[in-house]
Amino acid sequence: MGKQSEASAMEIDNSKPNVADQISPKFSINVLQLLKSAQMQHGLRHGDYTRYRRYCTARLRRLCKSLKFTHGRGKYTRRAITESTVTEVRYLHLVLYTAERAWSHAMEKRQLPDGPNARQRIYLIGRMRKAVKWATLFSQLCAIKGDSRTSLEAEAYASYMKGNLLFEQDQNWDTALMNFKSARAVYEELGKYGDLENQVLCRERVEELEPSIRYCLHKVGESNLQASELLHIGEMEGPALDLFKAKLEAVMAEARSQQAASMTEFHWLGHRFPISNAKTRVAILKAQELEKELHDPAADSLPAEKRLAIFDKIFTAYHEARSCIRSDLASAGNAENVKDDLNGLDKAVSAVLGQRTIERNQLLVSIAKSKLSRRRDDKNEKVTKPEELVRLYDLLLQNTADLSDLVNSGRDRKPEELAFSEECALKSLSFRAERCFYLAKSYSLAGKRAEAYALYSRARSLAEDTLQKFQTLNESDQIIKELKMLCDECRSNSCIEHAKGIMEEVKAPENLSKRISNMSLTVADKKLEKFLLEKLDSYESAVGDSNVKAVSRIEVFPPAFQAIPRNPIVLDLAFNYIDFPSLENRMKKDKKGFISRLWR
């Protein structure tokens, strides 16, 4: 009995370390940081969900192969991932990337050019359900196998996926709002701890969730947010906002289609053109809404990049309208009245597109002018050169000429068209004056005083003529103010160029003698390629030009070695191998006597 009790006690003692050995360690995954890194490196920086889906598929293939967690070589046999299966952290990665693959596939269908049709939408919802299923499994496994932080992040990820599904289904807005709020609360708490990078990522995710929460509140009716203010919610960028932007665009497209039903004509310079195609109406209405946003008084406070982005959207809408009009023209057949209306509508839309192009180029001019006199700051921004402004004014002159030709192409022109043509001519004059002014600036920076003085004088005369015409037409005070300022700048710059030219002319003999005294036969500067003796056929100022900073070189000294011809050296190697003929018969023989013959 004693031995048995002693053995049982030993078994009990030995069982304690075995229980300790069976306690598996908790896994740790920084879910948000892992997903954000993968998304930014594999396509979602540019919204390419196809590339990200392919990356998730390849990642899952590698994980299954490394874990030997394949599903059969011949017949497919599904292997479930349960609590007992998860023996290392890569199994959790397997579940997470499966959810990401389903979500990215759904977002890929969402971003189709014409939007998902009925069958594609059913498939999209199915993929979103798959993503929710795998995200929920990931959350359950992390609650058992992961540490507390991993469990919280997995729970927030699952709530975000559930909210996305309900958001896409347009139902249960209360539940979607609750899921989005729970995800936001978790990320707000996680953003208070950890390293700096993790805190920044959590705050970014909170900001990305905010528009979806506000939209859900708007649908529930607990927000005073107006429908027109929804456009300003999703101005941020990020993968978490793509679904919200797609939903918002769908809502706005539906509102436009309802509003376009009452839009039957397009008014332009006294003309009324009927619009029969619904797609053309929606495209024109979208462009007009963007124009209202651009011409709103509050738009002046918008950054230049956002205003340029609005211009790009306007151009896209008008080009879409023109493509619809062209397709209607191709299918019009022999109906002359319909063709005339469609041609007039195409001309009107093209003219409006030309006006917006001029406005966009004027915005680029204002941006370039703001950087013209600015020095490089901490951001190391590129300083504008006068030549860039000359190029922009060339574009404006070309745009104005094209627009004027388009308006003047009709036969019976109305007074509105004549007035518009005169306005284009005046704009062209003002653009010519501005172009001449900045061309003079470029010559001034190059040190060409006479050319700069002549161009400043020409710009001043053009600006004064344009100012006089604008004053007779009682145009806006802003244009008159800008032209007056241009006249003053032309006058002051021409005086400066005149003074600098006189100073340089007075100092020219002194500078010339100084430069000639500094001339040398050669300089140890290997960057300069040609000497003066090599440029005798083409005139290039060597000592009189103020732009020439290097010391002039006459010729290389000491002179370089030159190759000279000499007599060739001939080595007769064939002499030893030649068999010469015998010449004994030609040799002179000595005559000998009789006695000498006996001794032979």
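This is a predicted model: local features need pLDDT of at least 70, side-chain atom pairs count only at pLDDT 80 or more; totals for chains, interfaces and linings use all residues.
Is Lys-68 buried or exposed? Lys-68 counts as exposed, because its relative accessibility is 69% (exposed is over 50% relative accessible area, buried is under 20%, and partly exposed is in between, with a 1.4 Å probe and protein chains only). Residues are numbered from 1 along each chain as its sequence is written, and side-chain values use heavy atoms, with hydrogens and water left out.

**View 1. Lys-68 sits in the loop between α3 (49-67) and α4 (89-110).** Helices here are DSSP runs of H or I with at least four residues, numbered from the N terminus. Look at the backbone of Lys-68 too: its phi is near 55 degrees, a positive value in a residue other than glycine.

**View 2. Tyr-55 and Tyr-97 form one of the aromatic pairs.** A search of the whole structure finds twelve such pairs. Rings of Phe, Tyr and Trp (its six-membered ring) pair if their centres lie within 6.5 Å; planes under 30 degrees apart count as stacked, over 60 as edge-to-face and the rest as tilted. For Tyr-55 and Tyr-97 the centres are 6.2 Å apart and the planes stand at 80 degrees, so this pair is edge-to-face. Because Tyr-55 belongs to helix α3 and Tyr-97 to helix α4, the pair ties together parts that are 42 residues apart in sequence. Both tyrosines are buried.

**View 3. Tyr-393 and Phe-431 make a tilted aromatic pair.** Here the distance is 6.2 Å centre to centre, with 45 degrees between the planes. Tyr-393 lies in helix α13 (residues 386-407) and Phe-431 in helix α14 (residues 415-445), so parts that are 38 residues apart in sequence are tied together by the pair. Tyr-393 and Phe-431 are both buried. They also belong to one aromatic cluster, together with Phe-437, Tyr-438 and Tyr-456.

**View 4. The second largest pocket has Phe-431 among the residues that lie nearest its centre.** A pocket is found on a 1 Å grid over the protein atoms alone, as an open set of points where a 1.4 Å probe fits, with protein on both sides within 12 Å along at least five of seven lines; lining residues have an atom within 4 Å of a point. The space in this pocket is about 1200 Å³, a volume filled by probe spheres set on the grid points, which are joined across faces, edges and corners. Its lining has 36 residues, and Gln-362, Gln-478, Ile-479 and Glu-482 are also among those nearest the centre. Helices that each supply at least two lining residues include α12 (336-370), α14 and α16 (477-518). By class, the lining has 18 nonpolar, seven polar and eleven charged residues (Ala, Val, Leu, Ile, Met, Phe, Trp, Tyr, Cys and Pro count as nonpolar, Asp, Glu, Lys and Arg as charged, and the others, Gly among them, as polar).

**View 5. Arg-491 lies in helix α16.** With a relative accessible area of 46%, Arg-491 is partly exposed. Its C-alpha atom is separated by 7.4 Å from that of Ser-457, 34 residues apart along the chain.

**View 6. The largest nonpolar core contains 64 residues.** Such a core is a set of buried Ala, Val, Leu, Ile, Met, Phe, Trp, Tyr and Cys residues joined through side-chain atoms within 4.5 Å. The members that touch the most others are Tyr-52, Leu-92, Trp-103, Phe-138, Tyr-157 and Tyr-187. Elements giving two or more residues include α3, α5 (118-145) and α8 (196-220), while α4 gives the most, with eleven residues.

**View 7. Asp-174 has its place in helix α7.** This aspartate counts as exposed, at 52% relative accessibility. The C-alpha atoms of Asp-174 and Val-220 are separated by 6.8 Å, although the two are 46 residues apart along the chain.
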